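Welcome! Take a moment to look over the structure below, and then let this briefing walk you through some of its features.

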Amino acid sequence: MLTRFRVEGEGERSSMAENDDLGIERTASIQNPTKPSSSIGARVRATHDDDEDEVRVSLRPVLPHSSSDLIHQEAARALSVMDSFHQPWLTGVELLDDANRNKHVLPTGLEGIDVLLGGGLREGQLIEIAGPSSSGKTQVCLHSASCIADKGSVMFLDTCNSFSPNRIACMVNQFSGPLFKEAKERRLERIMSSILCQPIYDIFELLDTLHQLESTLKHTVKTGGYKICLLIIDSISSLIAPILGGKSPQGRLLMVSAGIVLKKLAHEFNLAVLVTNHMVGGEGGIIKPALGESWKNIPHVRLVVSRDQQSNVFTATVLKHTMRASGRTAKFVIHN
Amino acid sequence: MEIANLPISASQRSKLLSAGYATLSSLSSLSPSHLARDLNIELQEALEILKVVSDAADRSKSTDGHHQALKGVQTAWDMLSEEQMQQHITTGCEDLDHILRGGIHCGEVTEVGGVPGIGKTQLGIQLAVNVQIPVEYGGHGGQAVYIDTEGSFMVERAHQIAEGCINGILDNFTDHDRKILACQEWMQPNSFLSNIFYFRICSYTEQIAVTNYLEKFLKEHKDVKIVVIDSVTFHFRQDFDDLACRTRILSGMSLKLMKLAKTNNLAVVLLNQVTTKYTEGSFHLTLALGDSWSHSCTNRIILYWNANERYAYIDKSPSLPSASAPYSVTSKGIRNSTSHCKRVRMM
């Protein structure tokens, strides 16, 4: 499917053409306007078999005496915008096919939660678990990690030093069933070697790490190495709380970009992303999940957990789910 | 990578964006003086911005596709053997050490809360002394940092506790050895006191400043194994008009403390006060600073009274089950409870 793009503007011409391996030829021409104050507009025409799509891309004002470097930069920027149109439009059938083949459901191992989620954590989705302090959020993360590490790799980004290898070993040994000691030991080593943990203490470190993870995964797809299927961030709210609020919208910008990057990673590389959030006081004394209104729409699935009276029984409630009714609750037990 | 994701200040970012620099590549081959002229800022600032940009560009180029390229990543299997070798800081009370599986964990932030008079400061001083027990006798042989916000640290009491600790070590030896050991210089209470670095804080800005300064301080004093902050919430409870600002400052401070604990592998102990909370028609005691602060620690221990005895209860921990144990405060420091009912109560 060959796609052609042409960018046209007015005034002097300066053009760049590029061919890449997909055989797509793109040309961008930027022209200097005769009046310094007017901005450059560029019309992008994309021909796509029979259809034609037209998109306007407006670029920085380029003054008549600007250097050709600047013009080239702007042309490169126009090309990068066009890059995002490389993805062919997908039909519903293709999406369903992708969902059935690539987006598996990963069971967390905790019955109540698996029932609420319709099987477990679904790849391609961002799942949030919110709850007051000591309500079992970290335990759910550790349990999911130990259960899912059997099938693929797990990446655990830890912001509150609560990743406990001992606890993971405990949980793994619980599932192992009747095996000899050496076999148990080997199984433990195999599973625990596929759980990777990294401490993160800064939102910028997080964005950096996600960026590096993206390039690592792109490379892995080509070479066919081990596959990460679950990414856990415990807890994302402690990274965002120091920057959210105040006069500048910078904090909210970073929070939303982090959410977008996580969802993009989940969809492109077939990961399930699990994040934890804490609670804050709301109106009427009822507690609600932190991070505010802008965060509410970002995760695909939101659960609220709480602990029943200092026991080992926890309750989970669905706040938001893309495929199931919200408001349902279930109890689950975490053994010592 | 976008400019918006770089760790630079908001004003620098808005200047960059309004001058038209939106991506890293547009800044990569720019000279500092050109940038300074364009943005109308000092040359020094332009140099700093370009340094951040080149660091970010280096990081995105250096991934060679292998997962070890991610800095600081470890597998759980490696961490398991490290964690098993980890030594804990004893609290002086055997029952309490038992429910903590050895004592206060290094590399984690532990919050200790309780009503006034329950023994939080005593526990803080005891830990600052116990961390100095030499390695030969089962301790860490390290130093301690004590950050005092309320003025409740008493040097005479610390001297008494150090003496009690030393006598406890000496009790394990025969009379003859004891005399020789007692003469050693490091066995004097004064040398124990000299290994406690004491900071007195009088306002919340000083507290923030000390937290920022600790990073540099700990690089110079590599033997410090415990940081005690007594009490972490005192200066934030009064005189704060903007509660949202308070939440931001406290969460930033807790992230920094977490990072310090992990990178220097030391224990951070935060002592906290209690306040009353009105929920569901009744008052009950909770730790100060509310829900958003309650997530800033890895472990939480609550000290409470139960029929004239002091108890410690593990409220939050990623790896320990909930349990409570009795302890007592004696003239020698924190010790086992001396009541006849000595069994550890499991909740």
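Of the 347 residues in chain B, 50% are buried (under 20% relative accessible area; exposed is over 50% and partly exposed lies in between, with a 1.4 Å probe and protein chains only). This is a predicted model, in which local features need pLDDT of at least 70 and side-chain atom pairs count only at pLDDT 80 or more, while totals for chains, interfaces and linings use all residues. Residues are numbered from 1 along each chain as its sequence is written, chains are lettered from A and ligands numbered from 1 in the order in which they are written, and side-chain values use heavy atoms, leaving out hydrogens and water.

**Confidence**
- Chain B has an average pLDDT of 83, and 89% of its residues score at least 70; pLDDT is the predictor's confidence in each residue, from 0 to 100.
- Residues 63-68 of chain B stay under 50 in pLDDT. Where pLDDT is low, predicted coordinates should not be read in detail.
- For the complex, the predictor gives an ipTM of 0.82 and a pTM of 0.79.

**Chain B overall**
- You will find 14 helices and 12 strands in chain B; these are DSSP runs (H or I, at least four residues, for helices; E, at least two, for strands), numbered from the N terminus.
- Among contacts (heavy atoms within 4.5 Å) in chain B with a separation of 6 or more, 63% join residues 24 or more positions apart.

**Strand β2 of chain B**
- In β2 (residues 109-114), 6 of the 6 residues are buried.
- B:Val109, B:Glu111 and B:Gly113 point one way, and B:Thr110, B:Val112 and B:Gly114 point the other way.
- Strand β6 (residues 267-272) of chain B runs parallel to β2(B), joined by 5 bridges (strands pair if DSSP finds at least two bridges between them). Here B:Val112 stands opposite B:Leu271.
- Strand β9 (residues 299-306) of chain B also pairs with β2(B) in the parallel sense, over 5 bridges, and B:Glu111 stands opposite B:Arg300.

**Helix α5 of chain B**
- Which residues of α5 (residues 76-85) are buried? They include B:Ala76, B:Met79, B:Leu80 and B:Glu83.
- These four are on the same side of α5(B) because they cover an arc of only 110° around the axis, taken from the directions from the helix axis to the C-beta atoms.
- The buried residues of α5(B) pack against elements of both chains, including α6 (181-193) of chain A and α13 (243-264) of chain B.
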